[in-house]
Amino acid sequence: MFKKILIANRGEIAVRIIRACREMGIQTVAVYSEADREALHTMLADEAICIGPAPSSESYLDMERILSAAVATGAQAIHPGFGFLSENARFAALCGKCNIAFIGPDAELIEKMGNKSEARRTMTEAGVPVVPGSKTPFYDAKEALEAAREIGFPVMIKASAGGGGKGMRLSEGEEDFLQNFKNAQLEAEKGFSDSAMYLERYVRNPRHIEFQILADSHGNVVHLGERDCSIQRRHQKLLEESPCSAISEELRERMGETAVRAAKAVGYVNAGTIEFLLDQDQNFYFMEMNTRIQVEHPVTEAVTDLDLIREQIRIAAGERLSFAQEDVVIRGHAIECRINAENPERKFMPCPGKITNVHLPGGRCVRVDTAVYSGYTVPAHYDSMLLKLIVRDKDRPSAIAKMRSALGELVIEGIDTNIDFQFEILGCRDYVEGNVSTDFIPAHFPQLAE
Ligand code: MV4
């Protein structure tokens, strides 16, 4: 096992990883920017190294500075968390060159799954269902239009290098296709310096269902059930839960087996997520594979009683999974609410600043993952997520009641947050009845649309 791990991240996920390491008897190295001198991860780690100025490009995204810190401190592995360098194939490869284990899959795999049209082709070949659409990428709008006519409108135009909705446009019909294709392609060129595009038939009001998988380096792959992440605003998830109330045990098994088949098809190692769209007729389609630990991993931990960070570290150290598929039991129902420093009344504008007072909820099966404390100043340079509130209870209605209670107890003073907005979601009749889709937020909060 590793003796020392460097955490190439900040905020609650860095704290989360430090805790897992400490429980495993592993020494921790934090890296921090000049804006994070007073940050919790900087203070909690065994060692902390300043890697540069506040902008991420000069600190948390600077591969050389991070690798220098790892070499200087003798760290044997790097955990990248999520965001920042977590899905950067070049960084994963550089770690290898420095003889440092990257806690995640190989660089080649990150690269392969990062290209969404290649991932789509790979999954098709492995017999994983994908949305009917194009087989090869397109660069030319008129050629793409030909293909779109065959697929049938409406079609989704997506950037090969995209993901998470970037470089994506809906085309309702031939009339608007060329314009939408060109706009999506322009966004792809600007955002990823890659103008390759692909097409899919548009799936109306789907659910976003993702399966957590774990794969060790000895060929063992298991899935840990699904998360329903349909409650999103502009591709930012707000609330996630497990299990999904709309899928039967039979469908869960089929989707889970498909997720395992997908991971095996690419020789996946470490924790990963297979994203599916689930349509209103219970058809499911592979969308993307995420090769990192995700923000919402605690809802899976809550219902499986596993520690996913611990498993990631064990896998990266070459250990075998200590359990098989039949040992995985989903118990009860878990919900996570993301609490952000933002103002829902002002288009969710980020609201950094000094937190003057904090009260965190507690009690049985109530978990708070955060790096904030009373007196902490939220820097303006990074993501606005402050805290994740996770609850578990015996069933969905009880979990909703517990989340309402916990949200009611949560106090964050000095800055604006979306706590009240989360409360409103939990109060929606459609949410309570489990009638959710990716259209939930725009449909229930039309005043927020822009
Ligand atoms: C789609 C779709 C409908 N049909 N693809 C958005 C992010 C990316 N992961 C895939 N996305 C979508 N792809 C087809 N063929 C609808 C979405 C979508 C969406 C997906 C998941 C969660 C929220 C969403 C919000 C709007 C659109």
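The second largest pocket holds about 400 Å³ of space. A pocket here is an open set of points on a 1 Å grid over the protein atoms alone, where a 1.4 Å probe fits, with protein on both sides within 12 Å along at least five of seven lines. Its volume is the space filled by probe spheres set on the points, which are joined across faces, edges and corners. This is a predicted model, where local features need pLDDT of at least 70, side-chain atom pairs count only at pLDDT 80 or more, and totals for chains, interfaces and linings use all residues. Residues are numbered from 1 along each chain as its sequence is written, and side-chain values use heavy atoms, without hydrogens and water.

Twenty residues line this pocket; E301, A302, V303, D305 and L306 are the closest to its centre. A lining residue has an atom within 4 Å of a point. Helix α10 (297-304), β19 and β21 each give two or more residues to the lining. The largest share, five residues, comes from α10. Helices (H or I, at least four residues) and strands (E, at least two) are DSSP runs, numbered from the N terminus.

Now the sheet. Eight strands make an open, antiparallel sheet in the order β13-β12-β9-β10-β11-β14-β21-β19. Strands pair if DSSP finds at least two bridges between them. The edge strands, β13 (284-290) and β19 (366-370), each pair on one side only. Within the sheet, eight bridges join β14 (residues 333-340) to the antiparallel β21 (residues 385-393). There, H333 stands opposite D393 in β21.
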